[in-house]
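Please view the sequence and structure below before reading on.

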Amino acid sequence: MSDPGIQPRSALGGMTFAGFASVRETGPVGMITMRAKNLKSLGKAVKAAVGTRVPAQRRIEVAGDKACAWMSPDEYLLLMPYADVSGALGAISKALAGEHHLAADVSDARAVFRIEGDSADRVLCKLCPADLDRLAPGEVRRTRAAQVAVAFWRQDGGYTLVSFRSVAGYVMGLLSHSARIGSDPG
Amino acid sequence: MLTLECPCCGVMADETELSPGYEAHLKRFGPGASPEEFEAYMFARKNPKGVHFERWRHAYGCGKWFLAARCTATLEVFGTYPAQVSEPPPEIIATIKARRPDWEGFK
Amino acid sequence: MSTRLAKGGRLIDRMAPVEFTFNGKRLRGYQGDTLASALLANDQMLVGRSFKYHRPRGIVASGPEEPNALVNLGSGARLEPNQRTTTTEVFDGLEATSQNHWPSLKFDVGVVNNYAARFLPAGFYYKTFIHPRPFWKHVFEPIIRRSAGLGKAPTTGDADHYEQAYAFCDVLVIGGGVAGLLAARAAADAGSRVILLEQSATLGGRTVVDETMVQGKPVDAWLSAIEADLAARDTVTIRTRTCGFGVYDHGYVLADERVADHTPGDGRPKHRLWRIRAGRIITATGAIERPLSFAGNDIPGVMLAGAVRDYVVNHAVSPGDRTVVVTNNDSAYQTALALKAAGLEVPVILDARDSATGALPDAARAAGIRVLTGRAIAKVKGGKRVTGISVCAQAGEGAVLEEVPCEAVAMSGGWSPVVHLWSHCGGKLLWDEAISAFVPDPARPPLNHDGSAMVTVVGAAAGCLSLGNILAGFGKASGKGAIGLPDTCQTPDGSVSVPPVWVMPQGAPIALRSKMWLDFQNDVKVSDVQLAAREGYQSVEHTKRYTTLGMATDQGKLSNINGLAVLAEALGQDIPQVGTTTFRPPYTPVTIGALAGEARGEIFQPLRRTPMHEAHEKSGAYFEPVGLWRRPYCFPRAGETHEQAVHREVLNTRENLGLLDASTLGKIIVKGPDAGKFLDMLYTGVMSTLPVGKCRYGLMCNEQGFLSDDGVVARIDEDTWLCHTTSGGADRIHGWMEDWLQCEWWDWQVYTANVTEQYAQVAVVGPNARKLLQALGGMDVSREALPFMQWADGTLGGFPVRVYRISFSGELSYEIAVPASHGAAFWAACTEAGKALGAMPYGTEALHVMRAEKGFIMIGDETDGTVIPQDLGLDWAISKKKTDYLGKRGQERTFLADPDRWKLVGFETLDGSVVPDGAYVIADGTNANGQRNVQGRVTSTYYSPTLKRGIAMGLLHQGPTRMGDVVEFNTVAGGTVKARVRDMVFYDRDGEKQNV
């Protein structure tokens, strides 16, 4: 285990931008990518790791500060407090022992943003070729924000958006440009 | 700027979410294959004007490859289907035949 | 004199005056003016010069079809060339300057071209500049380049910002006239999500100018009511100042919203490019009035009749006290009536038709206007502005019957439906005899993804030129869910019919025809098209390019139909037989800023940064792009050149300790019962037998057999491997793996995960490497505990790490992976602990030099997509036992198995110099092109600070059999440099340094 004195640093260290909507990098979030399909113990593993059901196609199941998102027919993204990852990995490994799966810590491979405010969708509509009006409650949309891959969903009156870590500065730049005061397309 | 419905995640995807993989249903030839077989596998492409079967990857979405049947002349899409098949499924064939009665068929 | 009328003007606000400048002259207008209307209100008839002959040009139109009145708008960082005054809203402080003249608009030297016009006929450029050949490059091209183009390109960066946005709807209506508004309402009534786009600032289209009553209501009241109705609906979005300029596949439409063109500097984006995906597109884009072809039709003061009407009614602008109307259809009579109603004179209406009997001609006669039928304009008089016209018989050859003094001419040659958007994606056209125009053929629409019609055209764009017809069409009931749209314009109405009048008078001699302009901007005349036909041009596409008809910034909105009618006549064919040129997007010019959108400056493209990026910036690193990554090339110190820094970094690493940020290295987890089998197919070597805890170098090839990527594979546990890829290759190789797993071997039980960015990776390299790790402490990294090509998990300095004992430099080396969120802290810890050990960071160039000293290949240097591993002497990394791997069959092809290929060797120059990058090994003789024969080429070449001499690797014909031979490389300077062929390992051949 690591030295408890060493704190993880997210890609942008919690950078914020205030425009016609607010943008904020959230800081470290625990994330596990899980590849699995048609496993009898999948539900048990997800429950043990994050306390939710296995989400349906393109849905996210949220339980407090934990969640499980459907990413593809054999891929899930588990979200949780950063410190809970190794415990969750252990729980998955135990629940799926002997069954073909892959679970890996990707907390540090990602950056997480919150876009908040009444016009939050109009920040995303400038970047993503996704029909936000048709985004169902609890739906995860994996798509493109300008030139990079992202995933987002509606949560707590705003959007949570996940990108790769190395392009966090680019994504922050995009979101800030899109949220500039005076540029709300209405 | 096509739209194709990804059969793996159900999203009606903008072409900019996809990356192209060219002709579908190629048969791989490895060691032991004749030069003609290898040439057919590596290089010979139908490139038709009309009904065509293609590979697409939902690169910015769920990451899965899928296959699409469409008309290269009118851009009409006859259907998309999972990649784990060696030839187009019957319902796709039926759709094409209904819309293109004089289509010569797959292969 | 054109001037402002004392009363009227639907769109102008007389309480809101604005001041602007034109060529430095201060002028006044009102809010609601376009720049064109404001210029006319100030008697600025002359606004520019034509492209070829530099003829005086005035405002012709009142919309985006304007060919002449283009200006440079703004200045400095807000300068925009080629802005149409007719679509530019005037604002306080606007600055405009005219284009394409020198030294001044009034006196332009280029006008000599005008007097030499008979030496500048159609195809002039082609004919003149072909011979003698060298003249093209040295004489003609520089002159043409200097005089080409209309506006001035800005020389500074654009001060404004732009953005793009996506929108989705069931029905997109393009055009906010009556037909568009009714279509939007019908679509909304049917439950659709609707977007309505209107290019100008206001809705209503032509109807608000041309009609007084709509559906029993005064036109302005009708418009307010439907606007309010649509605005009240959640399902309808209306965007004005937004031009839908292109229709693309599957309901994709691009539209340019001019958000802040009229309020520059207010902080809003200047333009917003909308990327709209619509289930169905309805175009209600109206029609554009055609000019008539008579001599002198380009003189300032000759305007489209509809435009004259617009300026009088919308902006209270008089084009002159006396306006002659010339027409072949009824609509121009409205202009005469509007002028009369404004208290202006219409000396005569010249109607080319033999008779004019409709309601409008009757109204004109009743208003006391003189109407002459069967008459035409023989010639317009005037230079920089109209002073009068001469009248002749349309049936004749131009004999003057009468002279009429006037200040303006309002012409109408009929109306061409705007079919551009219908045609962009393949919609076909029909020739409508009744209105002498191409109209959309509803039986042959552009198709959507499901095979349904993607575009429906309504209103004047469908050829439905009368309001009564449009309203009648929309009156029909619609089924549930269906949108009640008119099918076609079924009831032709005599009041809108347009007989063909393509040349005026019909028998005009060459002297007149060579003054009849078709394309005002590019100076193409009736005589030019006729000449092209005589010279054998039959295709309308060829004639367009030969004469440049329709190739100006207005893309022939006014000229195309007239031009092809003249061509058809000259060829003795029917107009539909000749056909139109292809309609391509954009409908109107779109500024580059809108197309670039947000992609400027810092967010031009995604820059990938490692967790240590900030630390490198603080260390003064000089970065280089590696794919989208930015990696330190070197870390120059004060006073050091990059070359000196690289040499220092190499020597220090070899002698003490170097630290490299290797985070960009691709890392892919491959896991599952079939993972070993899968990797054995992917790599040329065997990975399934790699023991847990060990590392093995592997090569990946494409199916053609060519080397595609390389890297070290680590066996993590019984069914898990970690594959390292090249820095640029992680996504590509991950995609390659997924392709095979999803599309070929889908029954194999293998999962992959690209964890490249989860880890920061630091290479600790050099004789003091182990000491640094020991100083950090936490795990045993001794030779015994962690031998070469093994890995171990543990902690170092409190950080959770995985340590790989691998080397790309030939030194004792550890590559240490830590979670990325600890990357910066771990790098700092290594730097701090390394101080006492002589640690220095090194960059990619030092890495390259050190690997070359060791003879290690680099993907992209030694490989270029045509090189197989066998060419590089990597046979040792290819399994002979495996029956198959990706690329194996490809490598068995005879030309790849041929021992005669160029193969990798080392080179050392006899004089110790560095072989130039990209140099070829020359051979005897010359090839068929007289070029020197070659027998090899350099792939990597560096100055080795370790060996204090130039070293190189390269591919040489039968290289490995030629050790000790001396060969010659060409140099850029022209001479050659001699080098001796040798093995590739220049440094520490026995590997003693890395294996301690």
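## The interface of chains C and A

C:Arg193 forms a salt bridge with A:Asp133, with 3.1 Å between the closest N and O atoms; the term denotes a side-chain nitrogen of Lys or Arg within 4 Å of a carboxyl oxygen of Asp or Glu. The rule finds four salt bridges across the interface of chain C and chain A.

The model is predicted: local features need pLDDT of at least 70 and side-chain atom pairs pLDDT 80 or more, whereas totals for chains, interfaces and linings use all residues. Residues are numbered from 1 along each chain as its sequence is written, chains are lettered from A in the order in which they are written, and side-chain values use heavy atoms, without hydrogens and water.

In contact (heavy atoms within 4.5 Å) are 50 residues of chain C and 51 residues of chain A.

## The cavities

The whole structure holds 10 cavities of 30 Å³ or more. A cavity is a set of points on a 1 Å grid over the protein atoms alone where a 1.4 Å probe fits but cannot get out, and lining residues have an atom within 4 Å of a point. The largest cavity has a volume of about 160 Å³, and C:Ser416 and C:His420 are among the residues nearest its centre.

| Residue class | Lining of the largest cavity |
|---|---|
| nonpolar | nine residues |
| polar | six residues |

How values were computed. On a 1 Å grid over the protein atoms alone, a cavity is a set of points where a 1.4 Å probe fits but cannot get out, and a pocket is an open set with protein on both sides within 12 Å along at least five of seven lines; lining residues have an atom within 4 Å of a point. Grid points are joined across faces, edges and corners, and a volume is the space filled by probe spheres set on the points. Ala, Val, Leu, Ile, Met, Phe, Trp, Tyr, Cys and Pro count as nonpolar, Asp, Glu, Lys and Arg as charged, and the others, Gly among them, as polar.
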